[in-house]
Structure formats: C-alpha cells, structure tokens
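Open the model in your viewer and keep the selection panel to hand. The stops below go from core to helices.

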Amino acid sequence: MSSFYVEIKNIFTNPYYGRKYGKMSLALLLIAITYNLFICSINLVAGGSGGVGVLFNYLFGTDPSLVVFIISFLMFVLAFIFLDADQVVSTFFVALVYPLMVKVTSGLVDIFLIDTSHVLIIVLFGAILTGFGQGVIFRLGLNFGSFSIVAKIFYKYFKISVTLVNALINASVVLIGGFFLGIDMVLYAIVFIVVSRYVSEKVILGISTNKTFKIISNQYLKIEKFIEENLKHDVTIYDTYGAFNGKDKKLLMTVIPSSEFVILKDFVKSVDKNAFVFVTDTYEAKGQDVLISKEKC
C-alpha cells in the first residue's frame, strides 16, 4: 500500500496537505471540547465511537478517550486492509489525534461548569458545534473515521448503502444506551443526530442564496422576456420532448436570487397556470454562458 505512505509524506512536505490537516485538527479540537463539555456531561449516547465511550464510562468508569482510541485504531486497521489510501490517511490521523484531544480537553469540565439540568439546551449546542466541526472535515474531502469505515467497506464489497449501514450502527448504539440510561436519552440522542447532521450539511454546501428554476410552458417566450427584461437575468433554453404526449417542448432554466423566488413563481402562474415548474436550492453558480451549479431538491 505504497500510496498510503506517499499520502503520509505529503502531509509533512506539501503545504497544501499541511493546511488541510491543520484545519482538520482545529475541527477535531472543537468536536473534542464539545464532547467533553456537552455530551459526556449528560451521558448522551448519540452513536459513533463517542457514544460507545460515554456508555462504557457510565457502566464501567472507563476513560472515554481510551474507548474512542481503541475503536478509532480498529477502524484504521480495517481501512488499511480494505479501503483506498486517502480514506486510510484521514482515518489514521483521526485515530491518533482525536482521542488525544479528548483526553487533553477532559479537564475543561472542572473549569467550565455546565448546568446539566437544562438537557435540551446542552443537546442543541452540542449538536450544533459537533455538526459544524464534522462539516468542516467533510468539506475538506476528509472523513471522521469511526463506524463510517465499516459502512464504506460494506458499500465497497456488498453495494449496501453507506447511509443505511451508518444508520443501523448508530441506531444500535443509541438503543443500547437507551436500555441503560432510559428512553428519554434515546429521544435526546435523536435530536442530537438530526441537528448535527443538518448543521454539517449546511457547512458542506453553504447557505443557499439562489434558486434554480426549470420551467416547461407554452408561454415560454413571455416568461423568457419577463426574466430577461424585468428580473435582469439570463435564461438557458433547451429543446425537450414530452414522452407522455409525444410533443416537442421548450424548457427554460434560470438562476435567480432567493428574494425573487415569489416574483417569478407568481408571474409564471399568471401567464400559464398549467406550467410545469421545478425549483431547487442552488449553492453555487459560476460563469455566464454556462451555468455550473450544485443543486439540492
């Protein structure tokens, strides 16, 4: 696996990789601080290696950083055997750095006293900060390791969805935690997972300030004229074919600011109430003649 050693060398010799893993270190530090201050303080078993660490600490008094290190190292070994070099390097980095950060920042609970009676507030803040840290890591094109490595191995060899395997593993950890800590902690864990995933996704994609309209209408010329003359935006027109009725159609595509969403929607409805309108959030739009966008329905 020579490419693994090449990637390791790049981290120490290539400034680009150095900056990349430097940013990852800061993100891991934020996640570690959040883990100690918010998650461990209320014994929140929210899946992943951190959830297992909380559970073992609650049941046996085991240091969570030790549990996280053991799981992370096992995931590194699995990644080294079954996955590609880029997956292995980030997993190796997490296995070394993250448990150390969890251990170093564990003393913060004695400095910053958290009122654990407000569980929901702690869960929400913990989820927001964790999601932000994970989003930064994913945006760098790296991964957080943990049980996601198992999911990626299942996908590589058995074509089972990564999301499905991750969900099953995390659900198992959460339910086991709920068995010992109560059903209310399961509900808090669900809130944590949903909020952290939402924040992570927003960090990866950014905040959408534009909308992409795709419109099929017999009044496409009027709509095109309105967009160009009133809204001052360009329009791309495609020749399309309606398979159901066997007719050629025109499809308009334009990217406009979200603030103009209602204006265009209402105009299209006013000139053709039967128009087919498809709208997506657009997180990036570049160029003039060619529109390059990342869309999410």
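The tour starts with how to read the model.

This is a predicted model, in which local features need pLDDT of at least 70, side-chain atom pairs count only at pLDDT 80 or more, and totals for chains, interfaces and linings use all residues. Residues are numbered from 1 along each chain as its sequence is written, and side-chain values use heavy atoms, with hydrogens and water left out.

**The core.** Select M24, L28, Y35, L44, Y98 and I137. These have the most contacts inside the largest nonpolar core, which has 58 residues. Such a core is a set of buried Ala, Val, Leu, Ile, Met, Phe, Trp, Tyr and Cys residues joined through side-chain atoms within 4.5 Å; buried means under 20% relative accessible area (1.4 Å probe, protein chains only). Helices including α2 (15–39) and α6 (119–139) each supply at least two of its residues. Helices here are DSSP runs (H or I, at least four residues), numbered from the N terminus. The largest share, 11 residues, comes from α2.

**Y35.** Show its contacts (heavy atoms within 4.5 Å). Beyond neighbours within four places in sequence, Y35 touches C40, G50, G53, V54, P64, V68, Y98 and V102.

**α6.** Buried residues in α6 include V119, I122 and I137. The buried residues of α6 pack against α2 and α9. Next comes G141, with a positive phi near 85 degrees.

**α8 and α9.** Select V174, G178 and L181 in α8; they meet I183, D184, M185, V186, A189 and I193 in α9. This contact has 7 nonpolar, 1 polar and 1 charged residues; Ala, Val, Leu, Ile, Met, Phe, Trp, Tyr, Cys and Pro count as nonpolar, Asp, Glu, Lys and Arg as charged, and the others, Gly among them, as polar.

Methods
Buried < 20%, exposed > 50% of the residue type's maximum accessible area, 1.4 Å probe, protein only.
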